[in-house]
Amino acid sequence: MILYIVIIPLFVSLLTPLFGMFNRKYAYFISLLGAIITFLFVIFTYKKVVTHGKEYYWFGGFEPPFGIEYVVDGLNLILLLIISFIYLLVIIYSKKSSEKEIEDKRLSLFYCLLNLFFTGILGIVVTGDIFNLYVFVEIASLSSYTLIALGPKRQSLMASYNYLILGTIGATFVLIGIGYIFMATGSLNMADIKSRLVPIYHSKMVRTAFTFITLGLCLKLALFPLHIWLPNAYAYAPSSVGALLAATGTKVSAYALIRVLYSVFTIDFDTNVIPFNKVFVFISLIAILAGSFLALAQKNLKKMLAYSSIGQIGYITLGIAMSNEISLQGSVLHIFNHSLMKCALFFIAGGIFYKKGIENINDMKGIAKEMPFTMAFFVIAGLSLVGVPLTVGFLSKWYLLLGAISQKYFFVIPVILISSLLSFIYIWRVIETAYFKDSNSTKSSSEMPLGMIAPVAVVTILCIYFGIFTELPLLLTKEAIRILIGN
Amino acid sequence: MLDLILSKYNYWISILLMMIGLYGMIAKNNLIKKIIGMNIFQVSVFLFYISMGKVRDGTAPIHWDRALIYDNPIPHVLILTAIVVSISTTAVALALIIRIYKNFQSIEEDQILKVLAREENKTDS
């Protein structure tokens, strides 16, 4: 059952260029079918995990630690749900958007890479084997390098190249770390490593492994000082690719970091054996502030959203670093919520580029008259990013604040407030230009085509829905935390 | 000190290669030289894995009466996967460099960045 979640996107990615040779439209329909089937399988898995608590698949029937294991528990369930959902939306959205931005002859290959990327990230989420994690990280990264290079402008090539260099350094660091872990324990299964590592926590080998893996994942995650690759990669990639990278790419690395910190190593190692978490809190706070400040200075809408992503990644790592139940719950919630919000915002930025061909915020004067629904969705998703009550953004920030208070880290509170204000300023800048400045030309309404606005509408409505009816995300994240902290 | 270096010389070599590779990736200006650095960097990790699995006087891990002491095959098998990954990364990078050369007529990073900065100023003003 879990195996199909990874296998179906893989097979679809192999089939798309084949069918794309006959007719380019087939590539889209096969991808759509694959995404729907994957989503259905995730729903089945969700029902099973909710009743049984855990689902696993052993490759070749070999019992772990000897065989490779795929496992779905409370923590990766929530990521599976959001990723497979965004997979579906991105495929729907990319029909119109990629027709405009990508040459016709490359279209079927574009869908091939898109499916391959989702194979990689779904694989990262379901795998229970740490070397398998590295392989899936590389699958996802390699396809994302190529996807970014398909962007309409020639800057996309250099953006992709820079990401390739830094991404490879990050992934190779993870590989070195896995090597040290293997030397220390002789095992590659995460659950097995966890029990084997406890008696040798004071070994230098284990600490080196920890350093390499966290550093490599932080590079993939674009935590503040290691974020250089991110803004250009997001801004110059095709619109649908920018959205899927922002919504799922870095989130999955954040998930991998949580897994390594709490499921391979334990909370005791992160806080007591080495003072990692204390340092990580400060790095995260710097990332939050720096991301928000840098976003203020951007003229390009997509780049502004990309820098805002860097700030939001800071929130996720802050929750990880504070390492109590409430803050971790806030962190997992923020992964979920930020996927929704950034997906909507990047979809909208792509839609404006699709209709008007403009990217700079200053050129968007009076655009709300021409695209009223689009900008209304932008306002909702933007307010969610700021963290206004009744939207999803509020929920995760609230949990992070509660976590900070229960940990007695009171200096976290002003930072979160300042960063919320800053994000309000940069979102407001777009809203002001779009609504309150007169446009040079008065045209009638020119909305995005239905295939593009429908995914935006769905994500934005979910932003509000989960902000008001919070039972489902809270239930899922509570289950996740129970697994991480251990009863 | 000398003893420390000689007894674990395989690790020292892989660290040395790792540093050379990392330096090449960061400091070189030519895009292809960066890729060469990347390859050295990755190969150093492969050597690290391979030497980790070696047991003194060990034979190949096969079903054989005289194979009483044998090497650990797992790191060797893992590195087969990692080699495939490394080759694919290099292939993608070289393909990218070809497209960069077609678009910018250069593979020197500073020249490309200069062109890009000029373009960005033009679009802003």
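This is a predicted model: local features need pLDDT of at least 70, side-chain atom pairs count only at pLDDT 80 or more; totals for chains, interfaces and linings use all residues.
In terms of residues, 33 from chain A are in contact with 40 from chain B.

On the polar side of things, six residue pairs make polar contact across the interface, both partners being at pLDDT 80 or more. Four helices of chain B, namely α2 (9–27), α3 (31–53), α4 (73–104) and α5 (109–124), each put at least two residues into the side that touches chain A. Of the chain B residues on that side, the largest share belongs to α4(B), which brings 16. Sorted by class, the side of chain B that touches chain A comes out as 27 nonpolar, seven polar and six charged residues.

As for salt bridges, the rule picks out one across the interface of chain B and chain A. It pairs the side chain of Glu119(B) with that of Arg154(A), at 2.5 Å from N to O.

Over in chain A, helix α2 covers residues 24–52, 29 residues in all. From first C-alpha to last, α2(A) reaches 42 Å, close to the 42 Å expected at 1.5 Å a residue. Its N-terminal end is capped by Asn23(A), which places a side-chain oxygen 3.1 Å from the backbone nitrogen of Lys25(A). After the other end of α2(A) comes Gly53(A), with a positive phi near 95°.

Note on methods:
Residues are numbered from 1 along each chain as its sequence is written. Chains are lettered from A and ligands numbered from 1 in the order in which they are written. Side-chain values use heavy atoms; hydrogens and water are left out. Contact means heavy atoms within 4.5 Å. A salt bridge is a side-chain nitrogen of Lys or Arg within 4 Å of a carboxyl oxygen of Asp or Glu. A polar contact is a pair of N or O atoms within 3.5 Å; within protein, one must be able to donate a hydrogen and the other to accept it, and residues adjacent in sequence count only if both atoms are side-chain atoms. Ala, Val, Leu, Ile, Met, Phe, Trp, Tyr, Cys and Pro count as nonpolar, Asp, Glu, Lys and Arg as charged, and the others, Gly among them, as polar. The expected span of a helix is 1.5 Å times one less than its number of residues.
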